[in-house]
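Trainee: Could we go through this model together, one question at a time? I would like to understand how each answer is reached.

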Amino acid sequence: VQTLGFSSPLAAVRRTIAGEGIRGFYRGIFPTVPGVWAYNSALMVFAGFNVAMGAIKTHRNEHGQLVSLTDIAVASTLGSLLAGTVTQPFDLLRVRAQIQHSSRFVQSTTLQTLRTIVRVGGLRGLYRGFSLTMMREAPANLFYF
């Protein structure tokens with residue numbers, strides 16, 4: 001709040017309503033919805049976990065070993081990496097939309113923001129902050145499994 005020039009959360013609410021109306025509170029929701037859906041769906045974290053766990057179980061069974069907690073942690077981390085690879089561009093678009101009033105990347109639509117990111121940083125630019133996201137998500141996903 002303070003880094004964006006607001007003296008308090010209430011000041012942020014007041015200035016947002018005055019400057020952007022109620023719509024200002026929903027800035028960035030368009031890229032958020034598909035990103036959250038993809039990340040939390042069985043198609044991402046759980047699918048990645050299941051593929052990795054299947055490979056680990058096959059290896060363990062061939063050697064007469066049981067699956068360990070470390071194996072589960074590795075599979076969970078791989079599931080997080082798969083999901084993060086798909087959802088990172090959505091997260092970046094959401095963040096850019098939410099902070100664009102204080103950013104040098106000011107666009108009026110999500111598509112314009114996407115084009116600017118790709119023009120400036122290439123496809124690699126869509127993954128800016130990926131390592132920090134994984135530092136948050138991988139440990140958090142350990143608790144799912």
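Trainee: How many salt bridges does a search of the whole structure find?
Mentor: Please keep in mind that this is a predicted model. A pair is counted when a side-chain nitrogen of Lys or Arg lies within 4 Å of a carboxyl oxygen of Asp or Glu. With that cut-off, a search of the whole structure gives a total of three.

Trainee: Which residue meets Arg-60 in a salt bridge, and in which helix is that partner found?
Mentor: The side chain of Arg-60 pairs with that of Asp-71, at 2.8 Å from N to O. The two residues are 11 apart and link distant parts of the chain, with Arg-60 in helix H3. The partner is therefore Asp-71, which counts as buried because its relative accessible area is 8% and the limit is under 20%, and its helix is H4.

Trainee: What separates Asp-91 and Arg-94 in helix H4, in terms of helical turns?
Mentor: The side chains of Asp-91 and Arg-94 also meet in a salt bridge, at 3.9 Å from N to O. Because these residues are three apart in helix H4, their separation is about one helical turn.

Trainee: Is Glu-137 buried or exposed?
Mentor: Glu-137 forms a salt bridge with Arg-136, at 2.7 Å from N to O. Arg-136 has a relative accessible area of 48%, so Arg-136 is partly exposed. For Glu-137 the value is 15%, and since buried means under 20%, Glu-137 is buried.

Trainee: Does Val-33 count as buried or exposed?
Mentor: Val-33 is found in helix H2 and belongs to a nonpolar patch on the surface, whose residues together have about 900 Å² of accessible area. The relative accessibility of Val-33 is 52%, and because the limit is over 50%, Val-33 counts as exposed.

Trainee: How far apart are the C-alpha atoms of Val-33 and Asp-91?
Mentor: Along the chain, Val-33 and Asp-91 are 58 residues apart.

Conventions
Residues are numbered from 1 along each chain as its sequence is written. This is a predicted model: local features need pLDDT of at least 70, side-chain atom pairs count only at pLDDT 80 or more; totals for chains, interfaces and linings use all residues. Side-chain values use heavy atoms; hydrogens and water are left out. Patches are made of residues with over 30% relative accessible area and no salt bridge: like charges are joined within 9 Å, nonpolar side chains (Val, Leu, Ile, Met, Phe, Trp, Tyr) within 5 Å. Accessible areas come from the Shrake-Rupley method with a 1.4 Å probe; for residues, only the protein chains shown count as cover. Helices (H or I, at least four residues) and strands (E, at least two) are DSSP runs, numbered from the N terminus. Buried means under 20% relative accessible area, exposed over 50%, partly exposed in between (1.4 Å probe, protein chains only).
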